[in-house]
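Work through the exercises below with the structure open beside the text. Each task is followed by a solution in steps.

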Amino acid sequence: MLTILFDGIAYGMLLFVLACGLAVTLGLMNFVNLAHGAFAMAGGYITLVLVNRAGLPFFAGLPIAFIVTALIGGLFERALYVHVYNKSPLDQVLFTIGLVFMSVAAVDYVMGSQQVFIQIPSALQGRFEFLGIGIGRYRLLIIVVCGILTVALQLILSSTRFGSRLRASVDDARVARGLGINVNGVFALTFAFGSGLAGLGGALGAEILGLDPTFPLKYMVYFLIVVTVGGSSSITGPFLASLLIGIADVAGKYYVPKFGAFVIYTIMIVLLILRPQGLFARAAGR
Amino acid sequence: MIEQVTHYLAARARWGAMEYVFWLAALASVFVCGGYWAELSPLFANRHLILTEIAWLALFALSLDLILGYAGIISLGHAAFFGLGSYVAALLAKHAIINEPVLALVVSGLAAAVLGFATSFLVLRGSDLARLMVTLGVALIMREVANQIPDITGGADGLQGVSIGPILGMFHFDIFGHVGYVYCLLVLFVLFVIARRIVYSPFGLSLRAVKGNALRSSLVGISVDGRLVAVYTLAAFYAGVAGALLAQTTAFASLDVFSFERSADLLLVLIIGGTGYLYGGPIGAVAFKLIQDSLATFDPQYWQYWIGLLLVFLVLFGRIYGALIAVIVFAVSHALRLSFFECALIMLVIGIGYGHIRSGLNVLDARIDRLIRRSRAARQGLLQRKA
């Protein structure tokens with residue numbers, strides 16, 4: 001019981017790191033980025049190449065994955081995404097689906113279509129018992145890393161100058177522009193950072209979620225669910241939503257394996273009907 | 001006043017010359033591409049199998065056009081109805097419940113329409129994003145349902161051992177796909193004519209009003225929700241029939257019918273063909289299949305990469321220039337044997353130069369515009385001189 005809760009929390013934390021970039025992009029620019037998972041996949045495969053082929057230690061691979069994915073994200077944002085912000089939602093969807101198709105085929109071509117695993121150090125493998133709860137070492141690492149990230153994100157958002165600019169832009173981009181905030185610049189930085197976080201999440205999550213070229217398609221729904229359920233006006237909303245979904249998914253798959261996948265989709269649809277603004281969101285400022 | 005309105009509606013609904021040309025060409029394809037004249041030239045080889053695919057894809061895209069082009073609902077899960085129709089048709093035939101394909105087709109469509117009606121209320125609420133998610137969620141749930149009841153659907157292996165009876169008890173499906181193609185084309189034509197009548201009726205006009213501005217149209221007395229539910233249900237029926245056509249012509253149904261890629265490809269089909277004039281679906285289906293077919297011969301395994309590239313450029317530069325640039329990038333990277341990543345770099349460079357390219361294209365547009373206007377003026381001058 002508590003073990004499931006623990007696994008669920010680890011899973012939820014992971015989802016949060018993967019999806020929080022998407023939450024901000026969606027809230028800030030009203031941009032539907034279905035290709036967010038592609039950046040997560042990029043992070044996963046970068047770590048894979050570094051750790052499995054180049055022999056770098058796992059803990060060195062993670063930050064490199066973050067930085068490289070953030071750079072890729074920033075590059076794509078400046079070169080391509082920036083032209084699509086003012087287009088219709090349909091165009092945005094088509095554009096990002098196009099990017100997903102490209103990433104899936106390209107990774108398939110370079111890395112092969114089979115599922116791959118990153119070699120994690122032996123110290124992180126296995127489980128130990130603590131107060132009767134079976135704790136997987138790797139999952140504990142995920143919780144610690146993601147927990148630190150969450151706190152750091154919260155601090156950045158709430159008590160730095162950049163954070164307050166970002167919050168202002170999310171709340172009302174027009175007024176923020178009027179106050180002299182460079183909303184596009186804020187957005188580019190946030191996009192890059194969010195992509196980096198997704199890359200880190202992809203690297204961390206390869207062990208649990210599995211890593212293969214269809215990753216962006218498989219988990220696209222999960223990211224979108226986190227954002228729609230959590231709302232995009234704060235960081236606590238997506239965080240709580242991630243935890244909820246992580247626990248519900250793990251518990252659902254454990255207790256009612258036949259209906260495991262239904263649980264998530266049903267929760268999503270019901271919530272969308274009852275609370276279109278998201279579970280934890282207040283009414284939008286726009 | 002009322003006379004004027006009826007007159008206007010009748011004038012709008014009149015069949016244009018190009019429409020006759022289109023359907024005559026479709027009719028001609030039955031004979032020209034049927035392989036009957038294959039001795040004359042390889043050009044006349046039998047293409048009925050791929051034409052069959054084009055026909056049901058056209059119907060499927062037509063169904064999406066009804067909600068996207070006429071009601072403005074973006075759906076990422078239209079495959080839900082397609083898939084349901086497909087499975088219903090296959091199951092009806094497998095268990096010999098209804099052996100006659102046309103009747104089975106109608107029943108499959110109705111089953112999809114029931115699902116469409118039930119889920120239409122979910123689509124009414126919320127923004128475009130919420131609609132995307134809800135439609136996507138419905139398709140995923142349908143796929144999961146089909147996956148979880150393998151006793152009925154055959155699960156991941158698909159539904160095998162389906163045998164389809166003769167159409168109207170007379171025409172057996174043959175392995176060359178002749179009968180199948182004529183059958184699909186006839187169904188497409190009949191449903192197209194019905195859809196055409198519907199969108200040119202006052203109901204169709206009110207749908208356009210809703211798409212244009214829901215609040216204003218409710219102020220002039222149009223029941224917005226009612227219209228959306230009706231058209232969504234209708235579109236689900238069409239999608240179900242399209243799915244049933246697939247199941248009947250291939251005698252097979254698998255989980256693949258619900259896949260996300262199917263819904264996404266469908267959007268691409270409609271974007272290539274254009275929305276909101278009904279021919280977008282059929283034209284897009286022809287273009288998409290031709291693109292897919294030629295890409296698959298160039299690059300059998302990774303053709304989806306190029307589809308993705310095409311999507312990106314279509315959005316960035318519009319339909320004509322986007323396709324042109326995508327073709328150029330494809331040709332260049334093929335000639336130079338570039339890897340996918342180098343090709344993506346080219347895409348990024350084009351993106352960085354977007355502003356320059358865009359203004360270049362605008363200049364080009366203006367030039368073409370001027371040329372057309374000048375030739376038109378010249379022709380008019382000529383006519384006047386003759387008079």
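The exercises concern a predicted model and go from whole chains to single residues.

**Exercise 1. Describe the make-up of chain A: how many helices and strands does chain A have, and in what pattern do they follow along the sequence?**

Step 1. Count the elements. Chain A has 11 helices and two strands.

Step 2. The pattern reads α-α-α-α-β-β-α-α-α-α-α-α-α.

Step 3. Look at the confidence. The mean pLDDT of chain A is 83, and 94% of the residues of chain A reach 70 or more. Among the elements of chain A, helix 3 (residues 58–79) has the highest mean pLDDT, 91, while strand 1 (residues 127–130) has the lowest, 70. Where pLDDT is low, predicted coordinates should not be read in detail.

**Exercise 2. Test each chain against a compact globule: what radius of gyration do chain A and chain B have?**

Step 1. Take chain A. For its 286 residues, a compact globule would have a radius of gyration near 19 Å. Chain A has 18 Å, which agrees. The C-alpha trace of chain A spans about 55 × 40 × 35 Å along its principal axes.

Step 2. Take chain B. For 387 residues the globule value would be near 21 Å, and the 23 Å of chain B agrees with that. Along its principal axes, the C-alpha trace of chain B spans about 70 × 65 × 50 Å.

Step 3. In chain A, 51% of the residues count as buried; in chain B, 43% do. Of the contacts between residues at least 6 apart in sequence, 77% in chain A join residues at least 24 apart. The corresponding share in chain B is 72%.

**Exercise 3. Find the buried residues of helix 6 (residues 161–171) of chain A and say on which side of the helix they lie.**

Step 1. List them. A:R165, A:L166, A:S169 and A:V170 are buried.

Step 2. Ask what covers them. The cover includes helix 1 (2–29), helix 5 (137–159), helix 7 (173–178) and helix 8 (183–209) of chain A.

**Exercise 4. Outline chain B: which elements and which domains does chain B have?**

Step 1. Count the elements. Chain B has 17 helices and zero strands.

Step 2. Read the domain assignment. It gives domain 1 (2–298) and domain 2 (321–386) of chain B.

Step 3. Find the spacing. The centres of domain 1 and domain 2 of chain B, taken over C-alpha atoms, are separated by 33 Å.

**Exercise 5. Describe the side of chain B that touches chain A: which elements contribute to it, and which gives the most?**

Step 1. Count the residues. In all, 39 residues of chain B are in contact with 36 residues of chain A.

Step 2. Name the elements. Those of chain B that give two or more residues to this side are helix 6 (128–148), helix 12 (260–273), helix 14 (303–317) and helix 16 (340–352). Helix 6 of chain B gives the most, with 12 residues.

Step 3. Sort by class. The side of chain B that touches chain A has 30 nonpolar, six polar and three charged residues.

**Exercise 6. Compare B:A251 and B:L278: where are they, and is each buried or partly exposed?**

Step 1. Check the backbone. Most residues other than glycine have a negative phi. B:A251, although not a glycine, has a positive phi of about 55°. B:L278 is not a glycine either, and has a positive phi of about 70°.

Step 2. Locate them. B:A251 is in the loop between helix 11 (224–250) and helix 12 of chain B. B:L278 is in the loop between helix 12 and helix 13 (280–298) of chain B.

Step 3. Apply the cut-off. A residue is buried if 20 or more other C-beta atoms lie within 10 Å of its own. B:L278 has 22, so B:L278 is buried. B:A251 has 18 and is therefore partly exposed.

**Exercise 7. Describe the surroundings of B:I346: with which residues is it in contact, leaving aside neighbours within four places in sequence?**

Step 1. Locate the residue. B:I346 is in helix 16 of chain B.

Step 2. Classify it. B:I346 has 16 C-beta neighbours inside 10 Å, so B:I346 counts as partly exposed.

Step 3. Name the contacts. Beyond those sequence neighbours, B:I346 is in contact with B:V329 and B:S333. B:S333 is 13 residues from B:I346 along the chain, and their C-alpha atoms are separated by 9.0 Å.

Note on methods
Residues numbered from 1 in each chain as written. Chains lettered and ligands numbered in written order. Predicted model: local features only at pLDDT ≥ 70, side-chain atom pairs only at ≥ 80, totals over all residues. Buried ≥ 20, exposed ≤ 12 C-beta atoms within 10 Å, placed from the backbone. Helix = DSSP H or I, 4+ residues; strand = E, 2+ residues; numbered from the N terminus. Arc of directions from axis to C-beta. Contact = placed C-beta atoms within 7 Å. Rg over C-alpha atoms; globule rule 2.2 N^0.38 Å. Nonpolar A, V, L, I, M, F, W, Y, C, P; charged D, E, K, R; others polar. Domains from an automatic or database assignment. pLDDT = per-residue confidence, 0-100.
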